[in-house]
Amino acid sequence: MKHLFLLLALIANVHYSNAQMKNESFPTYTGKDLGLTYTPVQSKFRIWAPTADRVQLKLYRQAQGGKAIQSIYLTKAQMGTWTTVLTGDHLGTYYTFSIEYDGKWLDEVPDPYAKAVGINGKRAMVVDLKKTNPIGWQRDRSPVLKSATDAVIYELHVRDASIAANSGIKHKGKFIGLAETGTKNEEGLSTGLDHLTALGVTHVHLLPCFDFYSDEDAKNYKENYNWGYNPQNYNVPEGMYATDATDGNVRIREFKQLIKAFHQKGLGVVMDVVYNHTGQTDHSNFNQLVPGYYYRHTGTGKFSDATACGNETASEKSMMQKFMIESVVYWAKEYHVDGFRFDLMGVHDIETMNLISAALHKINPGILLYGEGWTAGSSPLPDSLRALKKNVSSLNGIAVFSDDIRDGIKGSWSDHTEKGFVSSKAGTEASIQFGIAASCKHPQIDYSKVNYSSAPYAKAPGDIISYAECHDNHTLWDKLAISAPDASVDERKEMHKLALSIVLTSQGISFLHAGTEFLRSKKGVENSYNSPDSINEIDWSLKTKNKDVFTYVQQLIQMRKAHPAFRMQTTEQLQKNLTFLETDNKPGIVGYQLDGADVNDSWRNIQVWFNGGNTKRIIPVTNGSGWKTAIINNQFVTETRTDILTLLPHSCSVIYKD
């Protein structure tokens, strides 16, 4: 079967012609004024629709319903564009475009460059962006990191964070709910923004916040839950997270308020962006203005579907590439966004991703960029051209998620009952070592024993996101409950703490899923993208119940931030200063030593030991006496050790020399 899939993929690649890969015969518009250019004296509209016979602009008083108050035919202009200029101040007016194509008028849609929309995103809105800025916006500044490996990322869904009755947050499910301070759970422990600040993470990765297909005026959101991976208007914040989705200004202002509040706390904001597909296919905004252009197609002319969502966009085509670059630049400049996570980044071509990186690093040299280095299906664009995990060395300043360490830690994402290192699966030690070394070349790793990769693929630690879980699949706590059903709750808690210990002591960029710091559960639901709040909400009482776990993770983050040996920046540093220690082939044991002095760490030498097994192990402490303890068996303990370490099951221990 595997060979059949490879053959089909090869055939698909052959059919994907050079014309499709680059840019057919359509003109490329090089100007910077696509969409709306607003001033109080005129509104200028320009869209790219090279295959249209005619283009019409319609103006409305309302965001939905009612008849058009004016219809204007656009004038054909240079490089496939159509344009018109309306005199006077049209602030707050709603508008749509439609094209005549092959003798038929297509749907009315906002243009892809729309910056403001009304409720449900069906009509764009004339907006003065300066009037959407919160007080002090001009003084807002992003936090600064010296290196990408200094980042500790926390992945969060806007609604999940605040919707629970015990969140203590007033504006539940809203952007400004996350901007609230002084919020507490029923036992008086901090929630929301204050919780994130106390935890010590550096960046909060927000699941999609752009306008996605949703019923923004739904009375019962529980039947309309959405992660947001079905894009509608890429350059507009989602109205469901605004206090008033009917006014296009409100969602913009309130998202800026969230970002400003985070920046004031020293937190960066990462946007989860989904340029790899659109929520609709035939009737998407893209397809209604230039039918077929923005997507890849199979050899038979059908929409290709490497995303398993009905379509995949063609980033290698010049106008799609232009759109992606200008879109992320807009978010970085207008909203002061500090990073981007690219969904199914393996769909996009390497050239486009590197152009995006260059444009964004010019704006913010410390911006964080990372993505999923895979797809959900085969693509007609050859693997060698796409931003896949194995091609990360060809990407500039863009990291990929390590599924090697993720599944090495907890077991397969697809086999829910499979154990991992922390739950005593034998033979996973090399996968953990591979993750510790951030997928970089290291002479002591036996790559034949690594779960998914037979060779290193990262050129530097900053190329890798180290993690154990994310919004996809089971939470770590639920996965352990399913895969280790015979373990007690206390044993699973130690497994969980070990998993996060591995993530936060490994090289690369650390990444945590919201609520993992107090054993978040989704009640066993594996794919909760459309589950109700009762499944997805963060239960803030868990912080009280599992306060010991929260404190432990908080201390792990503090340790990581305090010691550059855990955050090395080059493969050369890693190869020189990271040594895996002899374990006498004891199954379930991984140990390594870091030379901290060489990277200006206050800890001259560091040893880290993981026992993923279910039996106690005695480890002689090598390299002389004078060792001090930082962590002993998943607890921060300060004392001096000179001879042996007793490693309890499912535990992490860290010792050091000043």
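**Close-up views of a predicted model**

**View 1. S439 is buried, with a relative accessible area of 0%.** Buried here means under 20% relative accessible area, exposed over 50% and partly exposed in between (1.4 Å probe, protein chains only). This is a predicted model, in which local features need pLDDT of at least 70, side-chain atom pairs count only at pLDDT 80 or more, and totals for chains, interfaces and linings use all residues. Residues are numbered from 1 along each chain as its sequence is written, and side-chain values use heavy atoms, with hydrogens and water left out. You will find S439 in the loop between α11 (429-436) and β18 (464-466); helices (H or I, at least four residues) and strands (E, at least two) are DSSP runs, numbered from the N terminus. Beyond its neighbours within four places in sequence, S439 is in contact (heavy atoms within 4.5 Å) with S402, F434, P456, Y457, A458 and I464.

**View 2. Strand β19 (residues 509-513) is largely enclosed by the rest of the structure, because five of its five residues are buried.** I509, F511 and H513 point one way from β19, while S510 and L512 point the other way. In a regular strand, side chains alternate between the two faces of the sheet.

**View 3. β19 pairs in the parallel sense with β10 (residues 152-156) over four bridges, and with β18 over two bridges.** Two strands pair if DSSP finds at least two bridges between them. Look for Y154, whose bridge partner in β19 is L512, and for I465, whose partner there is I509.

**View 4. Helix α6 (residues 248-264) is mostly covered, with 14 of its 17 residues buried.** After α6 comes G266, whose phi is positive, near 80 degrees.
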